[in-house]
Amino acid sequence: MPQTITKGYKVLLAEAEAKVKTLSVEEAQALSGRDDTVFVDLRDPREREREGKMPGAFHCPRGMLEFWIDPESPYAKPVFQEDKQFVFFCAGGWRSALAAQVAQEMGLKPVAHIAGGFGAWKKSGAPFEEPEPKKG
């Protein structure tokens, strides 16, 4: 018997977007480099190697987010215990919307995500580190 999906990704994204703050690239750029803001790169390592990185962003693979946020987890990361604003981004803004919603539901605050993700950041001309050339 085939599966029946009762809530698709479009609904999940719409719900997340309604609950979390979405920043334009310009708004995010204004926060870049500030001591009170942590940019969280949710992309997997292959995406970062292929597309480049945002200077100073903390890398947290999406699959580890909940475990790295929770201070009771054996995988907890101190950065998520800091009294700062957290701005999530992924490649295009979908994973970051969902991640920001989960982080907010877990009690992390304030949180936001970047509309269009790293792709929009790069396209706007915002600073980023080029991918390192492949060796060999």
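Predicted model: local features only at pLDDT ≥ 70, side-chain atom pairs only at ≥ 80, totals over all residues.
**Entry 1**

Residues are numbered from 1 along each chain as its sequence is written, and side-chain values use heavy atoms, with hydrogens and water left out.

A note on names: helices (H or I, at least four residues) and strands (E, at least two) are DSSP runs, numbered from the N terminus. E2 (residues 37-41) and E3 (residues 58-59) pair in the parallel sense, over two bridges. Two strands pair if DSSP finds at least two bridges between them. On to E4: five bridges join E2 to this strand, also running parallel, and Phe-39 has Val-87 as its bridge partner there.

Is E2 covered on its faces, or open? I found both faces covered. Thr-37, Phe-39 and Asp-41 sit on one side, Val-38 and Val-40 on the other, all buried (under 20% relative accessible area; exposed is over 50%, partly exposed in between, with a 1.4 Å probe and protein chains only). I recalled that side chains in a regular strand alternate between the two faces of the sheet.

**Entry 2: the whole sheet**

What is the strand order? I read E1-E5-E4-E2-E3, an open sheet of five strands with parallel pairing. E1 (21-23) and E3 are at the edges with a single partner strand each, so one side of each has no neighbour in the sheet. E1 is joined to E5 (residues 111-114) by three bridges, and Thr-22 stands opposite His-113. H5 packs on the sheet, touching E4 and E5 (contact means heavy atoms within 4.5 Å). Its direction makes about 180° with that of E5; axes are lines fitted to C-alpha atoms, for helices over the stretch in contact, and angles run from 0 to 180 degrees between N-to-C directions.

**Entry 3: H1 against H5**

I looked at H1 (residues 9-19) and H5 (residues 94-106) next: their axes come within 9 Å and cross at roughly 55°. Residues that meet include Tyr-9 and Leu-12 in H1, and Trp-94 and Ala-97 in H5.

**Entry 4: Pro-71**

Where is Pro-71? I found this residue in the loop between H4 (65-69) and E4 (85-89). Pro-71 counts as exposed because its relative accessibility is 55%. Leaving out residues up to four places away in sequence, Pro-71 touches Ala-76 and Gln-81.
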